[in-house]
Every structure is written in C-alpha cells, then in structure tokens.
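Trainee: Could we go through this structure together? I would like to begin with the inside of the protein.

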Amino acid sequence: MSFILYTIFEVLKGVPNTIVISLVAIIIGLVIGLIFAMIRLKRIPVLSQFIVVYNSFFRSTPLIVQLFIVYYGLPTFILFINEHLHWHINPDMFSPLVIAFIVFSLHAIAYLSESIKSGLQSVDYAQIEAAQSVGLTRYHIYKEIVLPQAFAYALPNIENQFIMLIKGTSLAFAVQVTEIMAVSHVIANEGYRFITVYSVAAMFYWLLAMILEVIFNKMERNSFRYMQTIAS
C-alpha cells in the first residue's frame with residue numbers, strides 16, 4: 001500500500017506538464033486551425049495547397065516520429081544556419097518541453113483545422129444571407145452567427161482531439177520531457193513493479209479524460225441552447 005501511495009504522489013508530479021503541453025497545443029491548434037480552415041474554404045492559391053500537404057503529413061505520420069524529427073533536426077538546422085549565415089544562435093536554446101509544445105501544436109493544427117473546416121461548412125448559408133439582408137457586417141456575421149455554430153458543430157471532434165493530445169503526451173518522455181509516463185517509467189524501472197506503476201499512470205490518464213468529458217458535455221449543452229436561441 002505504501003508503494004502505491006508513493007507512486008501516486010510521484011506520478012502526480014508529471015501531471016502539470018501533461019496538462020500544459022495539451023493546453024498549449026489545443027489553444028494554438030484552435031487559433032491557427034481556424035485560420036487554416038478559412039484559407040481552405042476561400043481556396044486561396046498556394047496557401048490552400050500548402051495546408052493540404054501540411055495536414056496530410058501531420059495526420060499521416062506517427063507523432064513520435066514528428067517528435068524525433070524536431071528534437072534532432074532543429075539543432076542541426078540551427079547549426080546549418082549559423083554556418084552559412086554566420087549567425088550565433090545557440091542550438092540548445094530549445095528545451096525538451098518547448099520542443100514538445102512545438103510538435104504537439106503542429107500536430108493539433110492539422111487535425112483541428114479539418115474539424116473547424118467541417119464545422120464552418122455545417123452552418124446553414126441561409127442564416128448568413130438573412131444576416132446580410134438586415135445589414136450586419138461580415139465581422140458581426142462571423143462573430144455572432146457563423147463561428148459560434150461552427151464551434152458547436154466541431155466540439156465533439158475538438159474533445160476527441162484534446163483527449164488524444166492528453167494520451168499522446170505519453171510519448172514526450174522519449175525526448176526527455178518529465179510528464180506522467182516519464183515519471184512512471186523511472187519508478188517502474190527502479191522498483192520492478194511495472195504493473196502497479198503503469199496502472200497508476202493509466203488511472204491518471206483516465207481521470208484527466210473523464211474531467212475533459214464533463215467539461216465538454218457542459219460546453220455542448222450551452223452551445224446547443226445558444227444555437228436554439230439563434231434559430232428562434
């Protein structure tokens with residue numbers, strides 16, 4: 001029992017990094033994902049094609065491969081820049097945690113841009129025409145009508161992606177980020193009680209996922225009421 005309590009308190013130390021990585025990734029993913037979705041819908045030349053390739057790459061390659069490419073490739077790229085442009089950038093300026101922020105954000109953008117794009121396409125165009133007929137500006141139409149509904153339609157996919165990010169942070173220990181899995185790995189190797197330790201880690205991931213489900217269920221109910229208000 002004492003070992004289980006010890007494991008719980010030790011693994012708990014990795015929870016903040018797990019949450020922070022996921023939060024940073026989901027926020028950046030939503031902001032840039034919205035921009036990417038708008039570019040795709042407006043079919044802006046070159047940029048649209050770039051986004052299609054970008055999304056395809058990050059959705060089709062394993063997250064751990066993306067982590068290794070950035071973790072090992074970024075310092076090499078900086079050294080290349082320093083050599084050819086005579087700059088003096090420190091190749092070790094990016095900590096493992098920052099690398100995780102970058103990779104998980106890039107990963108989230110690819111998925112969330114597609115979810116937001118689908119949400120925007122789900123908004124009834126007749127509502128936009130009605131808003132234009134009463135003289136609303138494009139800004140107010142998007143702010144008051146389009147984006148709230150698109151967000152509501154995309155919420156289930158956003159929730160799934162958030163949970164996937166929470167679980168995906170378990171790969172960050174491969175690039176020396178101290179999160180739930182990294183702490184669990186150390187304790188399991190020290191005590192040789194792998195089932196106990198990894199079961200505790202699984203419970204933490206499960207708990208975080210359940211908390212997210214509660215939050216998103218409440219958001220979905222609120223967004224549904226808002227959509228009913230718009231419709232009426």
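**Cores and a helix**

Mentor: Please keep in mind that this is a predicted model. The largest nonpolar core has 39 residues, and of these Phe 104 and Ile 180 touch the most other members.

Trainee: Which elements give two or more residues to this core?

Mentor: They are α1 (2–12), α2 (15–42), α4, α5, α7, α8 (180–191) and α9 (194–231). The largest share, nine residues, comes from α9.

Trainee: And what is Ile 180 in contact with, leaving aside its neighbours within four places in sequence?

Mentor: Ile 180 is then in contact with Val 11, Gly 14, Val 15, Thr 18, Ala 201, Phe 204, Tyr 205 and Leu 208. Another core, of ten residues, lies apart from the largest one; Ile 116, Ile 128, Ile 141 and Val 146 are among its members.

Trainee: Let us turn to α4. How far apart are its end C-alpha atoms?

Mentor: They are 31 Å apart. Helix α4 has 23 residues (63–85), so at 1.5 Å a residue it should span 33 Å, which agrees.

Trainee: Where does α4 bend?

Mentor: The bend, of about 35°, is at Gly 73, and Pro 75 follows within four residues. Just after α4, His 86 takes a positive phi of about 60°.

Trainee: Which residues of α4 are buried?

Mentor: The buried ones are Leu 63, Gln 66, Leu 67, Val 70, Tyr 71, Ile 78, Ile 81 and Asn 82. An α-helix has 3.6 residues a turn, so residues three or four places apart point the same way.

Trainee: What do the buried residues of α4 pack against?

Mentor: They pack against α3 (47–60), α5 (96–122) and α7 (138–168).

Methods. Residues are numbered from 1 along each chain as its sequence is written. This is a predicted model: local features need pLDDT of at least 70, side-chain atom pairs count only at pLDDT 80 or more; totals for chains, interfaces and linings use all residues. Side-chain values use heavy atoms; hydrogens and water are left out. The expected span of a helix is 1.5 Å times one less than its number of residues. The bend at a residue is the angle between axes fitted to the seven residues ending there and the seven starting there. Buried means under 20% relative accessible area, exposed over 50%, partly exposed in between (1.4 Å probe, protein chains only). Contact means heavy atoms within 4.5 Å. A nonpolar core is a set of buried Ala, Val, Leu, Ile, Met, Phe, Trp, Tyr and Cys residues joined through side-chain atoms within 4.5 Å.
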